[in-house]
Amino acid sequence: MSAPLQAADLRFINSVAARRFGGGEPGSVDPGALDAALSAAAEGTAFVRAATLAAVLVQRQAFASAPLQTALLVLHCALSLEGFSLIAPQGVLAGMIDALAKDGDAGVVARWLEDRAVPTASG
């Protein structure tokens, strides 16, 4: 396992999402929710960790601006750090993130990710 994402990484990802998709500067951040998400995502496979991280971020409303877009980018970043690329239609992935935000099951998303991630080509 490579170095996991840290709170500063999550804040940066949210900053990018807020500027790109939210139309401005990032809003408030709940540090407790960030800590809870990082703690919850400490165990399991790469797919379980990525799905759990995204789920806790959206369910605990860690970010006031661009929360769904941030969770989507976090999934990609977390999997990339683990050596995977996600191959899935954006609309379907957005639907999975939306379902997580509505108390969806991170385990279901983890299994979905496992079926749609491929090892990154090493150079």
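**Figure 1. Gly104 sits in the loop between α5 and α6.** This is a predicted model: local features need pLDDT of at least 70, side-chain atom pairs count only at pLDDT 80 or more, and totals for chains, interfaces and linings use all residues. Residues are numbered from 1 along each chain as its sequence is written, and side-chain values use heavy atoms, with hydrogens and water left out. Helices and strands are DSSP runs, numbered from the N terminus (helices: H or I, at least four residues; strands: E, at least two). At 22% relative accessibility, Gly104 counts as partly exposed. Three words describe accessibility here: buried is under 20% relative accessible area, exposed is over 50%, and partly exposed is in between (1.4 Å probe, protein chains only). Setting aside residues up to four places away in sequence, Gly104 touches Gln59 and Ala99. Contact means heavy atoms within 4.5 Å. Gly104 and Gln59 are 45 residues apart along the chain, and their C-alpha atoms are separated by 8.8 Å.

**Figure 2. Asp103 also belongs to the loop between α5 and α6.** Its phi is positive, about 65°, although Asp103 is not a glycine. Is Asp103 buried or exposed? At 65% relative accessibility, Asp103 counts as exposed.

**Figure 3. Gln61 lies in the loop between α3 and α4.** Gln61 has a phi near 50°, a positive value in a residue other than glycine. With 61% relative accessibility, Gln61 counts as exposed.

**Figure 4. Leu10 is one of the residues that touch the most other members of the largest nonpolar core.** A nonpolar core is a set of buried Ala, Val, Leu, Ile, Met, Phe, Trp, Tyr and Cys residues joined through side-chain atoms within 4.5 Å. This core has 34 residues, and Leu53, Leu57, Leu100 and Leu113 join Leu10 in touching the most other members. Which elements give two or more residues to this core? They are α1 (7-21), α2 (31-40), α3, α4, α5 (90-101) and α6. Helix α3 gives the most, with 9 residues. Leu10 touches Leu5, Leu34, Leu38, Leu53, Leu57, Phe63 and Val74, not counting residues up to four places away in sequence. In soluble globular proteins, nonpolar side chains tend to be buried together.

**Figure 5. Thr70 is in helix α4, residues 67-81.** Thr70 counts as buried, because its relative accessibility is 0%. What does Thr70 contact, leaving aside its neighbours within four places in sequence? The partners are Ile13, Asn14, Ala17, Phe63 and Ser65.

**Figure 6. Thr52 is in helix α3, residues 46-59.** Thr52 is buried, because its relative accessible area is 15%. Beyond its neighbours within four places in sequence, Thr52 is in contact with Ala40, Ala41 and Ala106.

**Figure 7. Arg19 is part of helix α1.** Arg19 is partly exposed, with a relative accessible area of 45%. Leaving aside neighbours within four places in sequence, Arg19 contacts Gly24, Glu25 and Pro26. Arg19 and Ala66 are 47 residues apart along the chain. Their C-alpha atoms are separated by 8.7 Å.

**Figure 8. Glu114 is in helix α6, residues 106-116.** Its relative accessible area is 47%, so Glu114 is partly exposed. How many residues separate Glu114 and Glu82 in sequence? They are 32 residues apart in sequence and 12 Å apart in space, C-alpha to C-alpha.

**Figure 9. The whole protein has 6 helices and 2 strands.** From the N terminus on, the elements run α-α-α-α-β-α-α-β. The radius of gyration is 13 Å, close to the 14 Å that the globule rule gives for 123 residues, so the protein is as compact as a globular protein of that length. That radius is taken over C-alpha atoms, and the globule rule is 2.2 Å times the number of residues to the power 0.38. Along the principal axes, the C-alpha atoms fill a box of roughly 35 × 35 × 30 Å. Of the 123 residues, 36% count as buried. Among contacts between residues at least 6 apart in sequence, 70% join residues at least 24 apart.
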